[in-house]
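Have the view open beside you as you read, and take the points in order.

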Amino acid sequence: MTCCLNPACHNPPHPDGVKFCSSCGVPLIVLRNRYRPMKTLGGGGFGKTYLAEDVDKLNEHCVIKQFAPQVQGTASLNKATELFEQEAKRLQQLGKHPQIPTLLAYFNEDNRLYLVQEFMAGQNLFKELQQQGIFNEQKVRELLLDLLDILQTVHQQQVIHRDIKPENIIRHSDGKLVLIDFGASKQLTATVMTNPGTAIGSFGYAPLEQMQGGEAYPVSDLYSVGATCFHLLSGIHPWELWKRQGYGWVANWRQHLPQPVSQELGRILDKLLHEEHQQRYHSATEVLQALNSSPSLPVPPTQPVIVKPVSPPPSPVPPTQPAIVKPSSPPPSTRISSSQPIPAPTPPPKHLNKQALWGFIILCGGLTGFWFWQSSLSGYKDSPLPTQTLEATPKLSNSPQPSFTPVSISDIAPVKTLQGHSDVVFSVAISPDGKTFASGSKDKTIKLWNLTTGEQIRNLAGHSGGVGPVAISPDGKTLASGSGDKTIKLWNLATGQQIRTLTGHSSEVNSLAISPDGKTLASGSSDTTIKLWNLATGQQIRTLTGHSERVLSVAISPDGKTLASGSRNTTIKLWNLTTGQELRSLTGDSWAYSLVISPDGKTLVSGHFDSNTITLWNLETGEKIHTLKGHSNLVLSVAISPDGKTLASGSGDDTIKLWNMATGEQIRTLKGHSHLVNSVAFSPDGKNLVSGSFDNTMKIWRLE
């Protein structure tokens, strides 16, 4: 049998003697007249993996990894190519090891790169968990002894894997474990540091140092081993706890186990999972010594607990080829797979939340395109993963506002759920006439929708990175979009035609705001600057500097005089929009991930990523008015109704909350999304609310 190697084809197998694919018509080939592809094992946007046979070795099975990216953007393509080649180099470096696939060949044919490696028969531990249920202590001890022995060799060869998780560990037909997917691995120096803003690893399994600054050490692999053990003991994906508690979950992991473990194993896992890498075991050898000095205790017989574990979360952005995986959102009903529901966690200490936030920001940073390779080339088959994020702040129309009826406290359910994006929806913005809204997504597109019917009007494509913020001008003629590709694009809202591209930022664009007169566009970026642009000509007016960290959010007052900006620290800055002069700094409790200013220009509202709170400020004096608490996870977006009476907030707890602006009282919680709510926006008449989410959908809520 031979299957087609066209990456755009569904690769049907064909009997010997057939020369052309019955599906796409492409000639069927044997690579190098030696490696015959038999069937596809999975793939994604950067290539596919095939089961093959080596005709020069009596048709012995092998695995072909094909690198055939279908992307735009030189930087992303170069990074993907580097990671693909990197896997070949690491496999060659590790040589012949019975528990690591051997590199058989690496070559270019028909302008595509191919890697051929030894086929390891068996199934990965995630599949084993699904089929056989959670592991008991003895099984985890056996796993540690086997896996750590492999890691000793890997680290001795000066290699750090950087993506250890159940999907990348195969139980071979002889019962021994095999470690696969070295696409994210790195040559060991004193410290391995990726490019700033690039995090490589899988959410939930990757330690703080990898997610926060791209650093990796041999002990980073040990953390991933600990997280893997927890997943197998509990049936709960670490991502499910991480997105609620950040790295705070490592302090109370025991409470999520259906069956307790011995004190000896518990102490070992505590040290493997320590948040600070300096406090972990120093080497795989040291962990093995601890295991051998604490003999396994007999495990009381129990009924096996069969757990359908959640699909691994999205691995962020395009992190890396084999060793990297984007966490994918688990289905609503099975996001936490356990015999008992997980209790609502107590918010972790601030330092944990901030670190979790940084990891999440990087996660979101996946918009830049550096998580792509993980899902497309990871392992022999694709596996679902988590993701990264670009800040998305909803923008209110600045057109004159009529009076409105306050939101009712009767039950509210979404009237429409809109699907169409193939990835995370980061932002939504509604046109001043209330007829159209735009959505920006990690899938690199902007979609325009009819707010009344929910029908898609058109699709705007042009960015080479994920689309974060979108904003619509007060006259309803121009749509602005910011992206992980470091650019801003302006579009004709009526025709969908691209007007121009604004370049100048040296990192992803996290937030956009347009002045009430429609003349000035403000953009906040991870390059720590805010840029002001002439919306009509696209010319840069000035650059505002003063933040020491990424600028995550910007908002402009209704009178057009004041610009507010929030950064990846506890500071919010107020600026004179005309002169660019800094007016005042407001010190909050944590990072201001989203900002909005009330229609009367008196109140600034900030949503905080790591403290799960919302702060209301007196815009003139800078004094705090209220601190609103109620969300159990980070606050990703805030919006104020056109009459200024109601505040909406979207959160990492998958809900939207409505608040009374005057009193700070919580009015209602809107439930319906199955994942983080990234953006919320009120319609100009105040009767509808639109939300965008990590679950790839938008929802329209009727508020009257």
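1. Start with helix 7 (residues 263-272) and helix 8 (residues 284-293), which in this predicted model pack at an angle of about 165°, their axes lying 10 Å apart. Angles over 145 degrees count as roughly antiparallel, and the two helices are therefore roughly antiparallel to each other. Their crossing is right-handed.

2. Which residues make the contact? From helix 7 come Ile-268, Lys-271 and Leu-272, and they meet Glu-286, Val-287, Ala-290 and Leu-291 of helix 8. By type, this contact has five nonpolar residues, two charged ones and no polar ones.

3. Now turn to helix 8 by itself. Its buried residues are Ala-284, Val-287, Leu-288, Ala-290 and Leu-291. These cover an arc of only 160° around the axis, so they sit on the same side of helix 8. On the other side of helix 8 you will find Gln-289, Asn-292 and Ser-293, which are exposed.

4. What do the buried residues of helix 8 pack against? Helix 7 is one partner, and helix 3 (137-156) and helix 5 (218-234) are the others.

5. Finally, step back to the whole protein chain. It holds 10 helices and 42 strands. Of its 704 residues, 62% are buried. Among contacts between residues at least 6 apart in sequence, 58% join residues at least 24 apart.

Technical notes
Residues are numbered from 1 along each chain as its sequence is written. This is a predicted model: local features need pLDDT of at least 70, side-chain atom pairs count only at pLDDT 80 or more; totals for chains, interfaces and linings use all residues. Side-chain values use heavy atoms; hydrogens and water are left out. Axes are lines fitted to C-alpha atoms, for helices over the stretch in contact, and angles run from 0 to 180 degrees between N-to-C directions. Helices (H or I, at least four residues) and strands (E, at least two) are DSSP runs, numbered from the N terminus. Angles under 35 degrees count as roughly parallel, over 145 as roughly antiparallel, 65 to 115 as roughly perpendicular and the rest as oblique. A crossing is left-handed if the near helix is turned anticlockwise from the far one by less than a right angle, and right-handed if clockwise. Contact means heavy atoms within 4.5 Å. Ala, Val, Leu, Ile, Met, Phe, Trp, Tyr, Cys and Pro count as nonpolar, Asp, Glu, Lys and Arg as charged, and the others, Gly among them, as polar. Buried means under 20% relative accessible area, exposed over 50%, partly exposed in between (1.4 Å probe, protein chains only). The arc is that of the directions from the helix axis to the C-beta atoms.
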